[in-house]
Amino acid sequence: MLRLIMAGLMLLALPFAVSAQEAPVQALLQDHAEIITKNSRKTIGPAIDAVATSALPQAQEVLQAWQAKEMWLRKSDGLFFKAEKLDGKTYQLTDFDTGLDAGTAQKADLKQIKPNSGIRALIGTALVQFQLSDPDPVRRSAALTSLERDRNAASLTPLRASIDSEADPDLKARKIRLERLLTMAFGESDTARVAAIQSMSGDLGVDVRATLNPIVASTRTAFAGTLPDGVNSAGALIPGSGGFTDADAYALLVDLKLAPAQVSAAEIREALAQNISGARSGGVPVAQLSDPARRLAAYDTLAEGGLVPPRVTPQQQAAAIAAHSYADVYSEPSAQVTDAAQQALKGISTRVAVSQAADLTLDALSLASIYFLAAIGLAITFGVMGVINMAHGEFIMMGAYTGYVVQQIIPNHTLSIIVAIPMAFAVTFAAGVALERLVIRWLYNRPLETLLATFGISIALQQLAKNIFGTQARPLTSPGWLDGAWVVNDVISISYIRIAIFVLALIFLGVFLFIMNRTRLGLETRAVTQNRRMAASMGINPDKVNMLTFGIGSGIAGIAGVAIGLFAKVTSELGSDYIVQSFMTVVVGGVGNIWGTLAGAAMIGFFQKGIEWLNPSNTLAAQTYMIVFIILFIQFRPRGIVALKGRAAGD
Amino acid sequence: MNTLLEVSGVSISFDGFKAINNLTFAIGAAEMRAIIGPNGAGKTTFMDIVTGKTKPDEGRVIWGEKGQSLLGLSEARIAREGIGRKFQKPTVFEDQSVQDNLLMALKNKRGPFSVLFYRPSAADLERVEELATTIGLNEQLARKSGELSHGQKQWLEIGMLLAQEPRLLLVDEPAAGMTPQEREHTTAILVEAAKTRAVVVVEHDMEFVRRLDCRVTVLHEGSVLAEGSLDHVTKNPDVIDVYLGR
Amino acid sequence: MQNTIFARNPSVLIFLSLLGLFTLLVTLGAEASGTGIISTSFVKTLGKTLCLCLAALAMDLVWGYCGILSLGHFAFFGLGGYMIGMWLMYERTRDIVAGALADAPIPPTTQEITDAIGTQIFGVVGSNEFPLIWSFADSLILQLAMVVLVPGALALVFGWLAFRSRVTGVYLSILTQAMTLALALYLFQNDSGLRGNNGLSGLQNIPGLDAVPQSVLSVWFFWASALALALGYLLAVFITQGKFGSVIRGIRDDEARVRFLGYPVEVYKLVIFAVTACIAGIAGALYYPQAGIINPAEVAPIASIYLAVWVAIGGRGRLYGAVIGAAFVSLVSSWFTGGQAPDVPLGFYTLKWVDWWLVLLGLSFVLVTLFAPKGLGGLVDLWSNRKSPNRHGADLGPSAGALREQEASE
């Protein structure tokens, strides 16, 4: 009220008096007319505060108009209006107090108030308190989001005020959380801040860590003499211990301009070059200056002559280091708060580590299922039949391209994937049967030749794909419902595609077990692989069985191709990216045993993720070490994890 | 009689199946021994263990006067110690001539560098000639061994075995697929060899074993069922039971 | 001894005379001798082809004779190239840096020169420090020794691990392929110390020979390649002759039988694997100065597969087969991919050989494997009418991977 009276008193001085009773907003604006028109971020504060804290119902409207550059000044009487362009140079004016039409004006008669971006941001902050209690939940949410992004002490009070009246439970939860975070950073007392920190200490949210980390941010500083009292530091640093070397200490002193910088080699060279006189510099012939020791001697000579600053001797350095004390000083003055924050961060980091391990496990599981998918077709053709098919990777690629082509014809992603899977199976099944009939059949029991011939096929298929589809990556888009991720907390999350691939891998495992153990074909396949002649004499047609089995193995590779294509880019090299790992999976797991393939995929997946975790910047290195590891692993279990023993294993 | 090879308490199982069960066996320095037994009695596995191809789960295999253990030695090392082996199926290097096959088997240094700079001496060639005569292949020296008949391949393999000058010969079914005349010749070669070294013959054919005229060991389910002269073991009721009775 | 080799193998004399004749013709036709029938770049291509022939010879020794289908020998080839490339690049850069620093008012210290070279070479991967593996880069002798020692040592370690655990056949092939992949991936990293995927470049400039024009240098390298091939061929003949040859062919056909003859099979394999790795390294060291650049893509597994393809097409198990195969396929390949081959208009589609050559190569490779396992070398048999034994279709050895009758008679 006092402010209003003051404003009223001041109004008397204005040429065109505005009554504070009749037009409180206009009066308020007139009060601050000078700084509003001055339009400077430095001085504008009181004007915004005045409007924001005026408790007038129109305050929000005014601030919004101001922020949106819709506030104009009528030059004739100096009154502020909200103005909208009607046509050409004519503007429609609206009175802030009444919200009524205040006539029109020509542009020439008006002056637009154009707040700069700094001022608009200040207005935005002031607006938050209104928006937090806005009847529209969308605007409340938007206000919260902007506040979460740009936290400031000023918003704490309006935020607290708006919590109780909040009806929406989600928004209320967000408000309470934000209130805690703001209190941690800007709370009125240390006690309140510590309490807030402790209340959030078990929380894994990134926002909590983002709030805590600035609190414990510290700067390494040196002090002349001993450490002064009342400095909130993480403890004194002793040069020469705990990773803080004398060199570090001296560099710090130089940085803080507490000691002269050591003359660098480049500076010495420069100085010598500038002081050459008569093929000599510092008394040393220039030709001899390729010797570092001679250079130093020459420089010292120059320094004695006062031509250049002298070098800092080790004794001087040691003295300078000894004359100072060092500490990591918190920018936060309260030790109570920093201790609590450190404590909370420690607790959080433990929980984060646990969650990260869980997340890594999920990642590894998903990688393992990808390897398993890529390798399961091989487990049939290579593991069960003993046929080494180097074009297996190209079958995976074929499956992925089939998916791409289907998607070109059927635009609906869900439907196209449903169609693509059997299509990919059909295409690669046919390709597999053709390969078996035309090439592999003639090469049974000659594995090296099979390997070479299928290499030939692999080269040809890759180039063929390049000729048809070009070299650029083709997209295979997953259906919308596979977008997004399953989020457990801020650390643990896994995308739905990866879950789908995991499920698909499980389905394949089931299908494989069913075919091999429960169907006639499986029985016949095992019979033919174990003893072809005996099987033939019992009325099994080995040619047909081999053909079908190889076809199924290839077909599964095709389906795997669709799955892999969903998250990897589809190129002609897609297959060759997986072929070595697939073979490794089968070999490491133990040939001829699906559980071995599963174990192999799991081992390779977990191992690779493990290395990536140790050295996250470098996936190439992870793959390198993984292969080296596999080579070593085969030393200890030459027949793989799940090995067939005894004479059945053969030699 | 001093013992050349002593196998004691050897057992091995494959996936729960006991292929060899507490087997004990010994053979002297210049002795012929025939091992008979039904299929699956562990004859081949026994040879695999002696030659180092398979490692037993337990037991000892002791070799020579010094009582050296053969367990843990590589196949090549055991072969160099003086144990030669002939496989059931004739395995000669078909792509190479008979002479090359024999030269390769001839007792000489086996290291890669001595082999690289090896040039056959007159004595070596003479020895090859002599061996070829023994096995009746002296006319075929320059031929590729792949061109030989089945019986000739068997002999070539025996010849290679002799060329190694082993102290113990392990011969797996040497007479399989041979004509009666060829069998007789094979018998003669083996009997001659047994005068200077130990020979163990694994054979199914009783007639062939009878002609060898030596001690017989009967294996059954991985252990020794009976041992003695052929007449002695064929009268043993257990042997009749497992071998003939089925 | 030479006499024995030539007497037993008339093909050696024929091969060496043909190689000599070829060298003479190329020398006479090269730009350096003034005739200019053969362009300098084609002399380089021919020189490179000779190096590839040498690598194929090594591949034939290890695969055709010893039965180890190694998919890692091109990695050894690449390593040889990297080793010589390090010296070439270091010395070349030092010359440039020394030239640049010579104008400075103060003569540079050794440290300054080294730093400048480091910045020059490794700036591209955001570093200026010399990695440890470059310690010997300033010494031609040591780097030349590493051309042989590094591939040899890698082959020894890998071979020891693999052969010791009795990995054979296709498993061994896959394992060697994995080794090659691991090496390639390692080299692709920027912090591998070998400039990541930029590789080493400017290798065609030989330090200290700036005055010699490329046309002359190319002939010198051609001679060196021809000499290396001739020596390599003689070495290969020496190895495959006599008892050593018998043993390794025995290992190829029936490893277990050789073991029971008392030969330490693993040691033999290791010797062959390492020796051929050294030969491949030397071939690479001669190849890359002619190519001018080496990068990790050269080491990728597919390159080693092509090496196997050449040997298979040329005819494995005979030394001249490998040479013919490598020369034929790589020259035809560069003819097709170089755009010199005429396009085939099919009316609805024009067949561009640049695109379709690999398809043709892949398919013809399948056909060779299926119908002509002896490869181009088999033509020599037709010509000399060498008779093969008739084994009535039986395989040549008891193992599943052994040669079969059909193969030998076709």
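How many helices and strands are there in chain B? The count is ten helices and ten strands, where helices (H or I, at least four residues) and strands (E, at least two) are DSSP runs numbered from the N terminus.

## Before you start

This is a predicted model, in which local features need pLDDT of at least 70, side-chain atom pairs count only at pLDDT 80 or more, and totals for chains, interfaces and linings use all residues. Residues are numbered from 1 along each chain as its sequence is written, chains are lettered from A and ligands numbered from 1 in the order in which they are written, and side-chain values use heavy atoms, with hydrogens and water left out.

## Chain B on its own

The radius of gyration of chain B (taken over C-alpha atoms) is 18 Å, close to the 18 Å that the globule rule gives for 246 residues, so chain B is as compact as a globular protein of that length. The rule itself is 2.2 Å times the number of residues to the power 0.38. Along its principal axes, the C-alpha trace of chain B spans about 55 × 40 × 35 Å.

Of the 246 residues in chain B, 56% are buried, meaning under 20% relative accessible area (1.4 Å probe, protein chains only).

## Where chain C meets chain B

Chain C brings 28 residues to this contact and chain B brings 35 residues, with contact meaning heavy atoms within 4.5 Å. Together the two chains bury about 3,100 Å², 62% of it on carbon and sulfur atoms; buried area is the accessible area (1.4 Å probe) that two parts lose on being put together, summed over both. On the chain C side, C:K243, C:R257 and C:F260 lose the most area to chain B, together 27% of what that side buries.

There are three salt bridges between chain C and chain B, each a side-chain nitrogen of Lys or Arg within 4 Å of a carboxyl oxygen of Asp or Glu. One of them joins C:R252 to B:D95, with the closest N and O atoms 3.0 Å apart.

## Where chain A meets chain C

Here 51 residues of chain A and 53 residues of chain C take part. The buried area is about 4,600 Å², and carbon and sulfur atoms give 75% of it. A:L452, A:I459 and A:Q635 supply 14% of the area that chain A buries against chain C, more than any other three residues.

Chain A and chain C also share three salt bridges. Look for the one between C:E112 and A:R295, at 2.7 Å from N to O.

Key. Buried means under 20% relative accessible area, exposed over 50%, partly exposed in between (1.4 Å probe, protein chains only).
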